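Hi everyone, thanks for coming along. Let's take a first look at this one together, and I'll walk you through a few spots inside it.

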Amino acid sequence: MINRELPAAKTVRIAFLGLWLVISLFPLYWILITSFKTPGAIFSYPLTYWPEEFSLENYVSLFEKSNFATYVVNSLLVSTVAATVATLIAMLSAYVLARFEFRTKTAVLMAFLVTQMIPAFIALGPLYLMMVQLKLVDNRFGLMLIYVAVCIPFSTIMLRGFFANIPDALEEAAMIDGCSRLGALFRVIVPVMKPGIIAAFIFNFVNCWNELFLSVTLMNKDENKTIPTALNGFISSFTIDWGSMSAAAVLTIVPTMVLFAFASRYIVQGLTAGAVKG
């Protein structure tokens with residue numbers, strides 16, 4: 001049956017999508033042009049939607065006023081390590097939940113789902129007390145540990161769908177040929193699941209890269225702060241440094257945009273592959 005869309009319906013759909021696109025992209029556009037305005041032009045009235053004079057003053061001021069390069073390195077280190085470890089652990093736990101039957105399997109899955117319903121700020125108090133006792137406050141390793149723990153439940157649920165979509169016969173054939181179960185997992189199943197693993201890693205990385213509450217609570221020393229904490233530092237009791245904050249926001253968005261640009265194909269494949277159990 002051929003689905004022929006009426007011209008009026010098509011026009012309405014395109015107009016709605018176009019409006020939605022403009023609404024979604026306008027904040028990014030405003031941050032971008034604000035970062036290239038001079039400090040005086042940012043507060044000019046009436047508002048200007050295109051800078052009369054492009055200036056790099058906000059970017060220069062950003063690196064002069066703060067250790068922004070240090071914040072970028074901290075964020076890259078913490079996000080990359082935490083996302084990698086969380087994805088690896090989640091892959092193993094998802095494999096167990098997809099391939100084995102045991103008495104507490106349903107309870108484990110429910111526990112993972114419940115953790116996604118709890119707002120992160122509720123756990124800030126207990127987490128801070130625990131990290132104080134472990135002497136991991138103001139420690140990047142401590143922040144990595146918490147990020148790993150936060151990312152594992154969602155990644156496990158996500159990757160379990162991918163494992164459930166892969167026939168058991170693949171690893172059984174590998175085990176007949178002499179592979180151990182772990183060997184079959186890493187030699188046969190993991191290459192097939194590459195899109196799903198990459199998708200899980202990217203989601204973990206972006207969550208760690210953008211996380212604010214935990215990093216603000218646990219990181220006090222300037223040399224240990226991540227980018228979200230640094231952005232929060234541009235807000236004082238009486239003023240907001242919009243120029244430097246906009247420049248920092250632009251530089252913060254760039255790594256995630258590059259990551260999504262290079263891995264978009266894997267993300268789409270991963271999400272569609274794990275959407276339906278075969």
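Before we start, one term: when I say two residues touch, I mean that they have heavy atoms within 4.5 Å. And please keep in mind that this is a predicted model.

Let's begin with Leu143. Leaving aside residues up to four places away in sequence, Leu143 touches Val78, Leu214, Ser215, Leu218, Met219 and Thr226. Now, which residues touch the most other members of the largest nonpolar core? They are Leu143, Ile146, Tyr147 and Leu214, in a core of 18 residues. Two or more residues come from each of α4 (68–99), α6 (124–133), α7 (140–164) and α11 (213–218). Helix α7 gives the largest share, with 7 residues. There is also a second, separate core of 16 residues, and Ala94, Leu159, Ala199 and Ala200 are among them.

Next, the cysteines. How many disulfides does a search of the whole structure find? The count is 0. Take Cys151, which is buried, at 6% relative accessible area. Its closest cysteine sulfur belongs to Cys208, 3.7 Å away. A disulfide needs the two sulfur atoms within 2.5 Å, so the sulfur of Cys208 is too far from that of Cys151 for a bond.

Last stop, Val114. You'll find Val114 in helix α5, which covers residues 105–115. Is Val114 buried or partly exposed? Val114 is partly exposed, because its relative accessible area is 38%. Along the chain, Val114 and Pro153 are 39 residues apart, while 9.3 Å separates their C-alpha atoms.

That's my tour, and I'm happy to take questions.

Note on methods:
Residues are numbered from 1 along each chain as its sequence is written. This is a predicted model: local features need pLDDT of at least 70, side-chain atom pairs count only at pLDDT 80 or more; totals for chains, interfaces and linings use all residues. Side-chain values use heavy atoms; hydrogens and water are left out. Helices (H or I, at least four residues) and strands (E, at least two) are DSSP runs, numbered from the N terminus. Buried means under 20% relative accessible area, exposed over 50%, partly exposed in between (1.4 Å probe, protein chains only). A nonpolar core is a set of buried Ala, Val, Leu, Ile, Met, Phe, Trp, Tyr and Cys residues joined through side-chain atoms within 4.5 Å.
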